[in-house]
Amino acid sequence: DILFNTDKATVQAASLPVVAEIAKLLGLMPELKVFVVGHTDMTGTREHNLDLSKRRAAEVVRLLTTVHGIAAARLEAHGVGPLAPVGPCGPVAPWAAGKQLNRRVELVAR
């Protein structure tokens, strides 16, 4: 998982090896192009979360291009805010764990 802290667009240090593995995969499959899709939890306004999710996606694209040498033309950043949660988002446990799972970036083949 490529995860982020609350209201931040910087990849968590624990997720940097995941980015490196993705770069390796992209290096082995030079024809593969991907959508880099940012997500947020439900905290904050929809507008703020859409912007934050776009910034998260752009940060992963930045890491893949500048640190790992992946061609920018192969990556397309998008943000969907809180619209596609994968973890529970309600007012009861495991709410905090669900929120963390929702603060992520996913890559989808295009």
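Where does Gln-12 lie? Keep that one in mind for a moment, everyone, and welcome. What we have on the screen is a predicted model. So, back to my opening question: Gln-12 sits in the loop that joins strand 1 to helix 1. Is Gln-12 buried or exposed? Its relative accessibility is 17%, and because buried means under 20%, Gln-12 counts as buried. If we set aside residues up to four places away in sequence, Gln-12 touches Leu-3, Phe-4, Asn-5 and Gln-100.

Asp-7 is not a glycine, and yet it has a positive phi of about 60 degrees. With a relative accessibility of 43%, Asp-7 counts as partly exposed.

Now let's step back and look at the whole chain. How many helices and strands are there in the protein chain? There are three helices and four strands. Along the principal axes, the C-alpha atoms fill a box of roughly 45 × 25 × 20 Å.

A few more overall values, and then we zoom in again. Of the 110 residues, 38% count as buried. The protein chain exposes about 6000 Å², and carbon and sulfur atoms supply 64% of that area. Look too at contacts with a separation of 6 or more: residues 24 or more positions apart account for 69% of them.

In what order do the four strands stand? The order is 1-4-2-3, in an open sheet with mixed pairing. Strand 1 and strand 3 stand at the edges, each with a single partner strand, so one side of each has no neighbour in the sheet.

Strand 1 and strand 4 are antiparallel, paired over two bridges, and here Leu-3 stands opposite Arg-104 in strand 4. Strand 2 and strand 4 are antiparallel as well, over five bridges. Strand 2 and strand 3 pair in the parallel sense, again over five bridges. Please find Gly-38 on your screens. Its bridge partner in strand 4 is Val-105, while in strand 3 Gly-38 stands opposite Gly-79.

On to helix 1, which covers residues 16-28. This helix has 13 residues and reaches 19 Å from its first C-alpha to its last, close to the 18 Å expected at 1.5 Å a residue. Which residues of helix 1 are buried? They are Val-19, Ile-22, Ala-23 and Leu-26. Why do these four share a side of helix 1? They cover an arc of only 105 degrees around the axis, which puts them on the same side of the helix. The face turned away from that buried side carries the exposed residues Lys-24, Gly-27 and Leu-28.

And what do the buried residues of helix 1 pack against? Their partners are strand 1, strand 2, helix 2, strand 3 and strand 4.

Gly-69 is 46 residues away from Ala-23 along the chain, but their C-alpha atoms are 8.2 Å apart in space. You will find Gly-69 in the loop between helix 2 and strand 3. It is exposed, with a relative accessible area of 59%.

My last stop is Asn-49, in helix 2. Asn-49 is buried, with a relative accessible area of 2%. Leaving aside neighbours within four places in sequence, its contacts are Thr-40, Asp-41, Met-42, Thr-43, Gly-44, Gly-81 and Pro-82.

Conventions
Residues are numbered from 1 along each chain as its sequence is written. This is a predicted model: local features need pLDDT of at least 70, side-chain atom pairs count only at pLDDT 80 or more; totals for chains, interfaces and linings use all residues. Side-chain values use heavy atoms; hydrogens and water are left out. The expected span of a helix is 1.5 Å times one less than its number of residues. Buried means under 20% relative accessible area, exposed over 50%, partly exposed in between (1.4 Å probe, protein chains only). The arc is that of the directions from the helix axis to the C-beta atoms. Contact means heavy atoms within 4.5 Å. Accessible areas come from the Shrake-Rupley method with a 1.4 Å probe; for residues, only the protein chains shown count as cover. Two strands pair if DSSP finds at least two bridges between them.
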